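Dear colleague,

Please find below the structure that I am handing over to you. My findings follow it.

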Amino acid sequence: MLVLTRKPGEQIMIGDGIVITVLEGRGDGVRIGIEAPRGVSIQRREVIEAIAAANLAAANAGPGTEDALRGLMPQAPVRDA
């Protein structure tokens with residue numbers, strides 16, 4: 001892992017197309033801006049981990065789970081012909 005000290009306004013370049021700019025320090029955190037090509041996905045790690053955990057839980061759900069979830073969805077109104 002590369003550890004750097006940067007001040008607000010300073011940048012870090014990753015490869016040819018990704019620029020990380022330190023915007024400001026806030027107490028125990030820092031705000032950063034990320035510029036990357038449109039095809040590069042940028043995600044927060046905790047969001048990816050939460051999605052993976054939810055997918056795993058859904059994959060391990062027992063029988064009848066699909067019907068229980070359908071019961072939570074609003075029913076489409078029935079139209080008279």
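Two strands are taken to pair if DSSP finds at least two bridges between them. Strands (E, at least two residues) and helices (H or I, at least four) are DSSP runs, numbered from the N terminus. On that basis β1 and β2 pair in the antiparallel sense over four bridges, with Ile 14 opposite Ile 18 in β2.

The model is a predicted one, in which local features need pLDDT of at least 70 and side-chain atom pairs count only at pLDDT 80 or more, while totals for chains, interfaces and linings use all residues. Residues are numbered from 1 along each chain as its sequence is written, and side-chain values use heavy atoms, with hydrogens and water left out.

Confidence is given as pLDDT, the predictor's value for each residue from 0 to 100. The mean for the protein is 87, and 95% of its residues reach 70 or more. Strand β1 (residues 11-14) has the highest mean, 96, and helix α2 (residues 65-70) the lowest, 71. Where pLDDT is low, the predicted coordinates should not be read in detail.

The sheet is open and has three strands in the order β1-β2-β3, with antiparallel pairing. β1 and β3 stand at the edges with a single partner strand each, so one side of each has no neighbour in the sheet. Strand β2 (residues 18-26) pairs with strand β3 (residues 29-35) over seven bridges, and Val 22 has Ile 32 in β3 as its bridge partner. Two residues lie between the strands of this hairpin, where Gly 27 takes a positive phi near 55 degrees.

Turning to the side chains, the structure holds five salt bridges (a side-chain nitrogen of Lys or Arg within 4 Å of a carboxyl oxygen of Asp or Glu). Glu 24, Arg 26 and Arg 31 are linked in a network of them: Glu 24 meets Arg 26 at 3.6 Å, N to O, and Arg 31 at 3.1 Å. Residues are called buried under 20% relative accessible area, exposed over 50% and partly exposed in between (1.4 Å probe, protein chains only). Arg 26 is exposed, at 51%, whereas Glu 24 is partly exposed, at 29%, as is Arg 31, at 38%. Another salt bridge joins Glu 46 to Arg 44, with the closest N and O atoms 3.6 Å apart; Arg 44 is exposed, at 55%, and Glu 46 partly exposed, at 48%.

Kind regards
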